[in-house]
Amino acid sequence: MSFIDIQAALATRLNTVAGLPAIYWPGVKETPTNGTDFVRPTLIPATSELIVLNSKQDNSGIYQVDVFIDHGEGEGPLITIVDAIKDHFKAATTLTQNTTIVFIKNISILPMERDEAWLRGGVEIVYKSIENF
């Protein structure tokens, strides 16, 4: 299944970013402790279409990685982690999982927000994927 392969390819890449705090994966029941640094990835599929001429499935979407830092640490650690993720997923990177190829099209930095426990920012990774049938 293509979306499982897309998520696996992106998660594998995220798991190799040096210096990340704990990763809270989708569907895993864990509750972060207030003020504890962590990242939370989310796959947001956007479009899917069949390319009839060559029997391939074309998918695109966003892999959003939110970064949560103890608000008392200031912006420096947040910016460092966001930059590390952005650099690791730089545009034009190609990932492969089974028969699915995932192309990183572009990357955006999310705005910072503050609440009583965390300073939050992150990275929005736009991907395009092709899957053979």
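Asn-98 sits in the loop between strand S4 (94-97) and strand S5 (100-114). Strands here are DSSP runs of E with at least two residues, and helices are runs of H or I with at least four, both numbered from the N terminus. The model is predicted: local features need pLDDT of at least 70, side-chain atom pairs count only at pLDDT 80 or more, and totals for chains, interfaces and linings use all residues. Residues are numbered from 1 along each chain as its sequence is written, and side-chain values use heavy atoms, without hydrogens and water.

Asn-98 is not a glycine, yet its phi is positive, at about 55°. Most residues other than glycine have a negative phi. Is Asn-98 buried or exposed? Asn-98 counts as exposed because its relative accessibility is 60%. The cut-offs are over 50% for exposed and under 20% for buried, with partly exposed in between (1.4 Å probe, protein chains only).

Now step back to the whole chain. The protein has 2 helices and 6 strands. From the N terminus, their order is α-β-β-β-α-β-β-β. The C-alpha trace spans about 55 × 30 × 25 Å along its principal axes.

What share of the protein is buried? Of its 133 residues, 39% are. Contacts (heavy atoms within 4.5 Å) show how the sequence comes together. Among those between residues at least 6 apart in sequence, 62% join residues at least 24 apart.

Last comes the surface. The protein exposes about 7,200 Å², and carbon and sulfur atoms supply 55% of it. These areas come from the Shrake-Rupley method with a 1.4 Å probe.
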